[in-house]
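Please read this report with the structure open beside you, and follow each part as it is described.

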Amino acid sequence: MKMRNKVLIIDDAEVNREMLAEILGEEYGILTAEDGQKGISLLAGHESEVCVVLLDLVMPVMDGFEVLRIMEQRGYLKHIPVLVISGETAAGTERRCFDCGVTDFIKKPFDNEIVLRRVWNMVDLFAYRNCLEERVESQTITLKRQYEMICKQAEVLKQRNEQITDILAEVVESRNLESGEHVKRVKYYTRILARELMRRYPEYGLTEEEVHIIESASAVHDIGKIAIPDNILLKPGKLTEEEFECMKSHTVRGCGVLDHLEGVWDEHYRKYAYTICRHHHERFDGRGYPDHLVGDAIPIEAQIVAVADVYDALVSERCYKKACTRERAFDMIMNGECGTFSPKLMDCLQGARDAMEQMPEFCGK
């Protein structure tokens, strides 16, 4: 496979092509086109070599939006980032660009250092993501083949199940540009809460084995985020109503991902992963999503992970918020500021508070 080390500059202004080629020429091979049609032709011939496309919007023959449409149709946007070259700053234009798959913008007039750094960042990000997705695909295929050859001994099966969830969790964390510590922390909090529930409320019938499965399956609670567009998943500010609806769909989309893994893992284990994935945003009063389940119609494993996930979200810094103190996070959950949870789980949260605040080193806090 050829190494991706070429920049394709598509701009009808010769001066822009020359300036960008001069800025980037020492780091990358340069391909240039004066209109969208020639740009698409060059991309078709050098797809495996192009690491980023710098695209003007207003051009003769074929404009930038038509180029983006063709790139999406041919699957190029999955592997090649597009940075729009534009002096246009209107929010509507930028929104349309993001909707069409644009990754970022390079504003005119050009600042050499900013141009170089943005191209570096996008090339590195896509190279890492593409490599990770290829590795996950390869590992998933390997897991399926191995599973057909392995006897159904309980310990071997348990290890295989956990490998799958760890791989899927790694995809989500890398796509979300967060460290893998979020998954470890949610698993840690899930185990503590599940054990507390098992001790205080035996009517749920939880066993140590089920606690272990719930803990492990919690790692895939956000697997559906791999299907959320970058401009929504990575947005640092508040989501619009439409964007939030798209983000909420990660629960259902995640179940679709898990459905494709049928036969890879034990059905009992898969059931827990599926219900956690779909229902970890349900709330006890029916105001959650996607199914607006009420009370104990919400599977208990999903209820446990929901509390663990909310707690970690509150005490962790995200691109759109600062971290809360653990005391403030505890109070917000108990006071219903994060939605309504089962009174029994709130009882367990109180009982497990000290243990949840004793974060082990492997979880990064």
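Glutamate 357 sits in helix 15, where helices are DSSP runs of H or I with at least four residues, numbered from the N terminus. This is a predicted model, in which local features need pLDDT of at least 70 and side-chain atom pairs count only at pLDDT 80 or more, while totals for chains, interfaces and linings use all residues. Residues are numbered from 1 along each chain as its sequence is written, and side-chain values use heavy atoms, with hydrogens and water left out.

With a relative accessible area of 27%, glutamate 357 is partly exposed; buried means under 20% relative accessible area, exposed means over 50%, and partly exposed lies in between, using a 1.4 Å probe and protein chains only. Leaving aside neighbours within four places in sequence, glutamate 357 is in contact with Tyr311 and Arg326, contact being heavy atoms within 4.5 Å. Glutamate 357 and tyrosine 189 lie 168 residues apart in sequence, and their C-alpha atoms are 9.4 Å apart in space.

## The course of helix 15

Helix 15 has 15 residues (343-357), which at 1.5 Å a residue should span 21 Å, and its end C-alpha atoms are 21 Å apart, which agrees; the expected span is 1.5 Å times one less than the number of residues. Helix 15 also bends by about 50 degrees at glycine 351, the bend being the angle between axes fitted to the seven residues ending there and the seven starting there.

At the start of helix 15, the backbone nitrogen of lysine 344 has a side-chain oxygen of serine 342 within 3.1 Å. Leu345, Met346, Cys348, Leu349, Ala352 and Met356 are buried in this helix, and the buried residues of helix 15 pack against helix 7 (181-200), helix 13 (300-315) and helix 14 (326-334). An α-helix has 3.6 residues a turn, so residues three or four places apart point the same way.

## Aspartate 222

Aspartate 222 belongs to the loop between helix 8 (208-217) and helix 9 (230-233), and aspartate 222 is buried, with a relative accessible area of 8%. The side chain of aspartate 222 makes a polar contact with the side chain of histidine 250 at 3.1 Å; a polar contact is a pair of N or O atoms within 3.5 Å, where, within protein, one must be able to donate a hydrogen and the other to accept it, and residues adjacent in sequence count only if both atoms are side-chain atoms.

## The protein as a whole

Of the 365 residues of the protein, 48% count as buried. Among the contacts with a separation of 6 or more, 65% are between residues 24 or more positions apart.

Notes. Helix = DSSP H or I, 4+ residues; strand = E, 2+ residues; numbered from the N terminus.
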